[in-house]
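Colleague: I would like to learn how to read a structural model feature by feature. Could you walk me through one?

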Amino acid sequence: MRIIEAETPGTSLTSPGTMLTILAAGSMFFPGLFLLSKQCLKSIPALRWSEGDAVIVSARLVSSVQAVMASSAGYIIASSCEDILEDQHWLTSSYIMFAVPYFVYDIYAMFMCYWYKLRVKGHEEASAAPQRMSTALTSYLRREFLMVLHHVVMVTVCFPVSVFWRQGKGDYFQGIMFMAELSTPSVCLGKILIQYKQQHTLVHKVNGALMLITFFICRVLLFPYLYYAYGRYASIPFHMVPLSVPWHCNLGAALLMAPQLYWFSLICRGALRLFTGSNRSRRPRVTTDTAKEKQMDGTALPQPANGYSACSSEPELATH
């Protein structure tokens, strides 16, 4: 077995002290970056964004930074492993431990985004915010159940499996899985553009196409490629790989791939509406009629502060 760029003799990446140090670094980095970004967006004179704007954009920024870091780490690991099963790279376990706090933080960040979107849409009154927080939390967990479950599984299952159960094998495959995060920045940018009602712009359409392509390559084709790579390594046909690997590997791959297929179906549906304009052809009359009814009743339509539209052209998607 070849250990690539091994650590200094006398230290161990899995020693309790080293693990706690890396975990602590991740616990400070991601929430710290979120708070710093939010404060800058609120305090820079040229911006002076509201709390809700700053929270939502900062959460997307942190997700994008994590995605770039994970993809870079994955590329370094995968390109350094000649033997895809036996070669090890010190960055594999290190980045896993560093990123674990991100998934805990992101559950909170996603809830804060959801909370401010509710208030923007007019579902919550600012004066009633403290009393309605529990209701919003219940609604958030119900709507984002799959994403929250994904994050919980990443911390409680994938973390111990990747760091301890693998016993140093398959760093190449772990690196390839890190590179799945390449699709996240385009997903985050798409959410921000929708938030500010920029669906009509060329940037939104180009980003939508990029999101569709990167998500398909990095998340949908990811697992077939892992099976293909192992088949080449073991000199067995692709269709025989599932029968040649342990059952729990197939189960893990199936459980991880299932939500990716679901999210990809949402992206395809959003892309179809975006590029065919089907939602624009149906909604204007409804919106106009509704506005007229509101005006006749003497009540005004709630203005979507932050530019967030309740009728966005794309669904809410995962960032990981």
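**Reading the model together**

Modeller: Gladly. Let us begin with the aromatic rings: the structure holds 18 aromatic pairs. Keep in mind that this is a predicted model.

Colleague: How should I read an aromatic pair?

Modeller: A pair of aromatic rings is described by the distance of the centres and the angle of the planes. Take Tyr102 and Tyr105, whose rings are tilted, with 5.9 Å centre to centre and 50° between the planes. Both residues belong to helix H3 (residues 90-121), where they sit 3 residues apart, about one turn of the helix.

Colleague: Are Tyr102 and Tyr105 buried or exposed?

Modeller: Tyr102 is buried, and Tyr105 is buried too.

Colleague: Which pair links distant parts of the chain?

Modeller: Look at Tyr114 and Tyr140, a tilted pair with 5.8 Å centre to centre and 45° between the planes. Tyr114 is in helix H3 and Tyr140 in helix H4 (residues 129-143), so the pair links distant parts of the chain, 26 residues apart. Tyr114 counts as buried because its relative accessibility is 9%, and Tyr140 counts as buried because its value is 1%.

Colleague: Which residues form an aromatic cluster?

Modeller: One aromatic cluster is formed by Phe29, Phe30, Phe34, Tyr95, Phe98, Tyr102, Phe103, Tyr105 and Phe178. Phe178 will come back when we reach helix H6, where it is among the buried residues.

Colleague: Let me step back for a moment. How many helices and strands are there?

Modeller: The protein has 12 helices and 2 strands. Starting at the N terminus, the order of the elements is β-α-α-β-α-α-α-α-α-α-α-α-α-α. Of the 320 residues in the protein, 45% are buried. Among contacts between residues at least 6 apart in sequence, 80% join residues at least 24 apart.

Colleague: Now the helices. What describes the way two of them pack?

Modeller: Two packed helices are described by the angle between their axes and the distance between the axes.

Colleague: What angle do H8 and H11 make when they cross?

Modeller: The axes of H8 and H11 cross at roughly 160° and come within 10 Å. H8 and H11 are therefore roughly antiparallel to each other, and their crossing is left-handed. On the H8 side are His204, Lys205, Ala209, Met211, Leu212, Phe215, Phe216, Arg219 and Val220. They meet Met257, Gln260, Leu261, Trp263, Phe264, Ile267, Cys268, Leu274 and Phe275 of H11. The residues of this contact of H8 with H11 divide into 14 nonpolar, 2 polar and 2 charged.

Colleague: Where does Thr214 lie, and what is in contact with it?

Modeller: Thr214 is in helix H8 (residues 202-220). Thr214 counts as buried because its relative accessibility is 16%, and the cut-off for buried is under 20%. Leaving aside neighbours within four places in sequence, Thr214 is in contact with Ser183, Ser186 and Arg219.

Colleague: How many residues of helix H6 are buried?

Modeller: In H6 (residues 171-178), 7 of the 8 residues are buried, and the helix is mostly covered. The buried residues are Asp171, Tyr172, Phe173, Gln174, Gly175, Ile176 and Phe178.

Colleague: And which residue other than glycine has a positive phi?

Modeller: One of them is Lys197, with phi near 55°. Lys197 is in the loop between helix H7 (184-195) and H8, and is partly exposed, with a relative accessible area of 42%. Ser235 also has phi near 55°, a positive value in a residue other than glycine. Ser235 lies in the loop between helix H9 (222-234) and helix H10 (241-244), and its relative accessible area of 64% makes it exposed.

Conventions: Residues are numbered from 1 along each chain as its sequence is written. This is a predicted model: local features need pLDDT of at least 70, side-chain atom pairs count only at pLDDT 80 or more; totals for chains, interfaces and linings use all residues. Side-chain values use heavy atoms; hydrogens and water are left out. Rings of Phe, Tyr and Trp (its six-membered ring) pair if their centres lie within 6.5 Å; planes under 30 degrees apart count as stacked, over 60 as edge-to-face and the rest as tilted. Helices (H or I, at least four residues) and strands (E, at least two) are DSSP runs, numbered from the N terminus. Buried means under 20% relative accessible area, exposed over 50%, partly exposed in between (1.4 Å probe, protein chains only). Contact means heavy atoms within 4.5 Å. Axes are lines fitted to C-alpha atoms, for helices over the stretch in contact, and angles run from 0 to 180 degrees between N-to-C directions. Angles under 35 degrees count as roughly parallel, over 145 as roughly antiparallel, 65 to 115 as roughly perpendicular and the rest as oblique. A crossing is left-handed if the near helix is turned anticlockwise from the far one by less than a right angle, and right-handed if clockwise. Ala, Val, Leu, Ile, Met, Phe, Trp, Tyr, Cys and Pro count as nonpolar, Asp, Glu, Lys and Arg as charged, and the others, Gly among them, as polar.
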